[in-house]
Amino acid sequence: MTYAGLLQESYPELAPRVEDLFLLEGHQIERLPDRAPRRALAVVLHAHPGLFRFFVVRHPPSEAFLSALMADHEPGITRDVNECALALLWEIGDWIVYQRLPRLYDERVSFEPGLTAINDVAPVMGKVVIDAGAGTGQVAFAAAPVAKHVFAVEPVSTLRSYMRDKAKRHGVDNVFVMDGFLHDLPVPRGAAEVLLTRQAIGWDLDAELDEVERVLGPGGIALHLTGMPHRAGPDDSFHSTLVARGYEVGSYREGGTLKRRYWRQV
Ligand SMILES: C[S@@+](CC[C@H](N)C(=O)[O-])C[C@H]1O[C@@H](n2cnc3c(N)ncnc32)[C@H](O)[C@@H]1O
């Protein structure tokens, strides 16, 4: 099944619409060249010139790419525009879910293994922890009851607001929500003892792993819960990069299946 198909199945209540594209943030507009189906995006931009202007104001460097894309593709007829809009919207449906349905998203991504998937290789008791790419804070809030404190780093502003609200609702006072990226974490060198990610690594893997090493003090531990199936002998470049950089590979159980995790002590 395609990623867009999986999102349609998981979030039937989303009913995405073109206006949702005005919710995108600069860092997401920057990633449109990797994420958006090219012709669909061009047809939608031709049909909605205000959207082109919005994208360029939000992320000025995207102007060259978007202008060239529109020059390469003709405008579509009405039915085509509607089909292209839906194709585009579902392809980036995760971003729209983050903006419009953070509470539902939080419920659907519940982290049922909790500390059992973490503590045997990266004990968090009494530690300063970073949850990078924190989303709605599933990992951050699982670690918080035993950790000293948790920095929950997340680039999407709606999700940061959601986590701050969740901390208040649950009376959690040791989760600090921050803006940032895995390749650019907003903490000083050696500031953390454990760094955790769940389904949030690999946009720029080498730069991210350099940054993970920077923020962990000597003896600090990084653990990446990938959400990918744990198959014996994976040979993708993601796996080989992590292993070449000294990571151990193993499994954890989630949703009745074995998933792959990587960890290393710095
Ligand atoms: C699949 S979600 C996982 C969220 C959370 N870790 C969880 O387990 O529910 C990926 C998260 O990473 C965030 N993200 C996207 N690009 C990122 C980057 N370059 N650095 C850090 N986080 C990023 C997304 O906004 C999203 O919240």
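These legends go with a set of close-up views of a predicted model.

**View 1. The two domains of the chain, side by side.** The protein chain splits into domain 1, covering 3–100, and domain 2, covering 111–265.

**View 2. Where domain 1 meets domain 2.** On the domain 1 side, six residues make contact, and they meet seven residues of domain 2. Together, domain 1 and domain 2 bury about 560 Å² between them, with 56% of that area coming from carbon and sulfur atoms. Look for Glu-25, His-27 and Tyr-98 here: these three supply 69% of the area that domain 1 buries against domain 2, more than any other three residues.

**View 3. Polar links across the domain boundary.** How many salt bridges run between domain 1 and domain 2? The count is zero. Polar contacts do turn up, though, with three residue pairs joined this way between domain 1 and domain 2, both partners at pLDDT 80 or more. Helix H2 (26–30) and helix H8 (93–100) are the elements that each give two or more residues to the side of domain 1 that touches domain 2. Sorted by type, the residues on that side of domain 1 are one nonpolar, three polar and two charged.

View 4. Gly-133 puts a backbone N or O atom 2.8 Å from a nitrogen atom of the ligand. Leu-182 does likewise, with a backbone N or O atom 2.8 Å from a ligand nitrogen. For Arg-198, a backbone N or O atom sits 2.9 Å from a nitrogen atom of the ligand.

**View 5. A salt bridge between Arg-35 and Asp-94.** The whole structure holds 17 salt bridges, and this close-up picks out one of them. The side chains of Arg-35 and Asp-94 pair up at 2.8 Å, N to O. Arg-35 belongs to helix H3 (residues 32–35) and Asp-94 to helix H8, so this pair ties together parts that are 59 residues apart in sequence. As a general point, side chains of opposite charge can pair when their charged atoms come close.

**View 6. Two loop residues with positive phi.** Which way does phi go at Ala-15, positive or negative? Ala-15 has a positive value of about 40°, although this residue is not a glycine. You'll find Ala-15 in the loop between helix H1 (3–10) and H2. Gln-199 is another non-glycine residue with a positive phi, near 50°. Gln-199 is placed in the loop that runs between strand S4 (192–198) and helix H12 (205–215).

How values were computed: Residues numbered from 1 in each chain as written. Predicted model: local features only at pLDDT ≥ 70, side-chain atom pairs only at ≥ 80, totals over all residues. Heavy atoms only, no water. Domains from an automatic or database assignment. Contact = heavy atoms within 4.5 Å. Buried area = accessible area lost by both parts, 1.4 Å probe. Salt bridge = Lys/Arg side-chain N within 4 Å of Asp/Glu carboxyl O. Polar contact = N/O pair within 3.5 Å; in protein donor to acceptor, adjacent residues only side chain to side chain. Helix = DSSP H or I, 4+ residues; strand = E, 2+ residues; numbered from the N terminus. Nonpolar A, V, L, I, M, F, W, Y, C, P; charged D, E, K, R; others polar.
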